[in-house]
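Let's take a walk through this structure together.

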Amino acid sequence: MIVLISMISFFLDGILSRYILPNSLFLPLFTIVSLVIIYPYFNNDNFRYFKFIAIIGLLYDIAYFNTLFYNFFIFIALGFVIGLINYLLSNNIYTNILMTVVSITIYRIITFLITIIFKTSYSLSELLQSIYSSLILNIIYCLIIYIITEIYSKKNKILRSK
């Protein structure tokens, strides 16, 4: 189920990115949402989780950014944040929405800081627009995937950490 969720999110990112304009209100970051959703299914095996998200980060770099280790390190950092929030709060739909918002915000801020290093014409208003444009669609996706995985894991008795 972990791989299926990640693959669906990964491919939906690519498909929707082709049809949604960069200045739209609905910017997909489904792969980052999948990092939030799949965490409990690793049952506190953080080494396996970080190894998995490192591979997803490398694939994301190669497929969508034509870079190497850019999203790899960002995804690892997001994994630490997701793990920390999961450690502090119980895993439920509200926590998943919170983790999605925090993860997308951190992803956009890190991307903003890296862009500032190489391009000086990026403004703070563009950062804020990229954050709120990413939140709407991704929170809806988080809700849908959370409900589907919750039903599927209960039906098939798939264990997940609380």
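Leaving aside residues up to four places away in sequence, Ser-130 touches Leu-27, Arg-108 and Tyr-122, where a contact means heavy atoms within 4.5 Å. This is a predicted model, in which local features need pLDDT of at least 70, side-chain atom pairs count only at pLDDT 80 or more, and totals for chains, interfaces and linings use all residues. Residues are numbered from 1 along each chain as its sequence is written, and side-chain values use heavy atoms, with hydrogens and water left out.

So is Ser-130 buried or exposed? Its relative accessibility is 11%, so Ser-130 counts as buried; buried means under 20% relative accessible area, exposed over 50%, and partly exposed in between, with a 1.4 Å probe and protein chains only. Pro-22 is 108 residues away along the chain, yet the C-alpha atoms of Ser-130 and Pro-22 are separated by 9.0 Å.

Ser-130 sits in helix α6, residues 124-155. Helices here are DSSP runs (H or I, at least four residues), numbered from the N terminus. The end C-alpha atoms of α6 are 46 Å apart, which agrees with the 46 Å that its 32 residues should span at 1.5 Å a residue; the expected span is 1.5 Å times one less than the number of residues. At Leu-135, α6 bends by about 30°, the angle between axes fitted to the seven residues ending there and the seven starting there. Just after α6, Lys-157 has a positive phi of about 55°.

Elsewhere, Met-7 lies in helix α1. With a relative accessible area of 43%, Met-7 is partly exposed.

Note on methods: Helix = DSSP H or I, 4+ residues; strand = E, 2+ residues; numbered from the N terminus.
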